[in-house]
Amino acid sequence: MWDLDATFSTKQTLTATASVSDHCVDAGQKDLGLGEAVYLQVALGKGASTALSVSVESSANADMAGAVDRVTYLIDAERVKAGGVVLAAPLPSGCDRYLRLAYSGAAGAKVTAGLVQAAQSPTLR
């Protein structure tokens, strides 16, 4: 089960141009992942056939002004085409309080992404 307060995207359709997640997550503090790991999990519905890059952006401001890329993950086209959970990685250190994701590629895919304590298997249709 996904915590809606920690969800960036829920079946968000990716477009041909780069886009950001539908939601900004308020982590409640800076460096949320220190101490006990918090994972970024990204799942895709089947359908897309190109690679996807996912960047974690953070800001001290809720409007994401001055957002800084903290890490970028590249998911290859074969994994994107297969769908399901395509990424489960610890949240990088140094993140500010507010977080969002930036997506590039995999046009047409539906993405569900959020912060979790351990890997999960969401159902995407």
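This is a predicted model: local features need pLDDT of at least 70, side-chain atom pairs count only at pLDDT 80 or more; totals for chains, interfaces and linings use all residues.

Is C24 buried, exposed or partly exposed? C24 is partly exposed, with a relative accessible area of 33%; buried means under 20% relative accessible area, exposed over 50%, and partly exposed in between, with a 1.4 Å probe and protein chains only. C95, by contrast, is buried, at 1%. The structure holds 0 disulfides, a disulfide being a pair of cysteine sulfur atoms within 2.5 Å.

Residues are numbered from 1 along each chain as its sequence is written, and side-chain values use heavy atoms, with hydrogens and water left out.

Turning to the fold, the chain has 1 helix and 9 strands, in the order β-β-β-β-β-β-α-β-β-β along the sequence. Helices (H or I, at least four residues) and strands (E, at least two) are DSSP runs, numbered from the N terminus. Of the 125 residues in the chain, 42% are buried.

S53 is buried, with a relative accessible area of 19%. Leaving aside neighbours within four places in sequence, S53 is in contact (heavy atoms within 4.5 Å) with T72, Y73, L74, A102, Y103 and S104. The C-alpha atoms of S53 and D76 are separated by 8.6 Å, and these two residues lie 23 residues apart along the chain.
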